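Visitor: I have a model open on my screen and would like to learn how to read it. Could you take me through it feature by feature?

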Amino acid sequence: MREAGIVSAAEEVFFEKSFDMASMEEIAKRAQFTKRTIYQYFMGKEDLYYAVANKNFRTLLDYFREALAIDGTGYEKYRASTMAYYRFYRDHPKALALMNYGRFIQGQKELCPHFQEMIRLNRGMIEMFVEVLEEGKRDGSIRADLDTHKGVCSGVYLVVGFFQLLSEKGTHLTKYHGIDVEEFVEYTIDLICDAVREK
């Protein structure tokens, strides 16, 4: 399939050179298509970026679905999904860095079809976690007074922000503070998850 081949080629180039340094000419060469062919499928480099990000976002969602399939309380599923993000972070560091780069992209991203798809994927993820917290409220493992939607959005911001900073400065924990990174991740995830847990 041409579109999938173009996305894979773009992903390789973005990983190697970064979004800013990548060119449509190089992506076309890597995909073994003409630029004209690429523009039949994508509005431009920004739209192609979102297609690559979405490919990886769908992989992340698979990690979440696997975590949520466990036999446990709503809280246990919520914590398992947070740990799933950590596994994705370890397994696909370049993908996560690229996904987090979207906020720096200038231009009219709202016009990009693949940006619109990203919005739909993100909403689906939020709905998935809303259901988990609601399940936890029903089984008594999640605080009954929690605003579910705000709680999910807050958790997503905290987790994404934490791992983004960890990817940039994580070596400082061991070098300057003598803290084991794995233990620090578990500790931080417990802090974040305990905010929604019924005491």
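Guide: Gladly! Let's begin with a term for accessibility: a residue is called buried under 20% relative accessible area, exposed over 50%, and partly exposed in between. Keep in mind that this is a predicted model.

Visitor: Is Ser 18 buried, exposed or partly exposed?

Guide: Ser 18 has 32% relative accessibility, so it counts as partly exposed. You will find Ser 18 in the loop between helix 1 and helix 2 (24-31).

Visitor: What should I look at in the backbone there?

Guide: Look at phi. Most residues other than glycine have a negative phi. In Ser 18, phi is near 85°, a positive value in a residue other than glycine. Gln 32 is another case, with a positive phi of about 60° although it is not a glycine.

Visitor: Where is Gln 32 found, and is Gln 32 buried or exposed?

Guide: Gln 32 sits in the loop between helix 2 and helix 3 (35-41). Its relative accessibility is 72%, so Gln 32 counts as exposed.

Visitor: Let me step back to the whole chain. How many helices and strands are there in the protein?

Guide: The protein has 9 helices and 0 strands. Its C-alpha trace spans about 60 × 40 × 30 Å along the principal axes. Of the 199 residues in the protein, 44% are buried.

Visitor: How do I read the way two helices pack?

Guide: Take the distance between their axes and the crossing angle. An angle of 65 to 115 degrees counts as roughly perpendicular, and one over 145 as roughly antiparallel. The axes of helix 5 (residues 74-91) and helix 6 (residues 93-100) come within 5 Å and cross at roughly 105°. Helix 5 and helix 6 are therefore roughly perpendicular to each other.

Visitor: Which residues make the contact between helix 5 and helix 6?

Guide: Helix 5 brings Tyr 85, Phe 88, Tyr 89, Arg 90 and Asp 91, while helix 6 brings Pro 93, Ala 95, Leu 96, Met 99 and Asn 100. By class, these residues divide into 7 nonpolar, 1 polar and 2 charged.

Visitor: At what angle do the axes of helix 5 and helix 7 cross?

Guide: They cross at roughly 150° and come within 7 Å. That makes helix 5 roughly antiparallel to helix 7. From helix 5, Gly 74, Tyr 75, Lys 77, Tyr 78 and Ser 81 meet Phe 129, Val 132, Leu 133, Glu 135, Gly 136 and Asp 139 in helix 7. This contact has 5 nonpolar, 3 polar and 3 charged residues.

Visitor: Now for pockets. How does one find empty space in a model?

Guide: Rolling a probe the size of a water molecule over the atoms shows where empty space is left. Here the largest pocket has a volume of about 980 Å³. Its lining has 35 residues, of which Phe 57, Asn 122, Met 125, Val 156 and Val 160 lie nearest the centre. Helix 4 (45-68), helix 5, helix 6, helix 7 (113-139) and helix 8 (148-177) each supply at least two residues of that lining. The lining divides into 22 nonpolar, 9 polar and 4 charged residues.

Visitor: How much space lies in the second largest pocket?

Guide: About 320 Å³. It is lined by 19 residues, and the closest to its centre are Leu 96, Ala 97, Leu 98, Asn 100 and Tyr 101. Helix 6 gives the most to this lining, with 6 residues.

Definitions and conventions
Residues numbered from 1 in each chain as written. Predicted model: local features only at pLDDT ≥ 70, side-chain atom pairs only at ≥ 80, totals over all residues. Heavy atoms only, no water. Axes fitted to C-alpha atoms, helices over the stretch in contact; angles between N-to-C directions. Helix = DSSP H or I, 4+ residues; strand = E, 2+ residues; numbered from the N terminus. Parallel < 35°, antiparallel > 145°, perpendicular 65-115°, else oblique. Contact = heavy atoms within 4.5 Å. Nonpolar A, V, L, I, M, F, W, Y, C, P; charged D, E, K, R; others polar. 1 Å grid on protein atoms, 1.4 Å probe; cavity = no way out; pocket = protein on both sides within 12 Å on 5 of 7 lines; lining within 4 Å. Points joined across faces, edges and corners; volume = space filled by probe spheres on them. Buried < 20%, exposed > 50% of the residue type's maximum accessible area, 1.4 Å probe, protein only.
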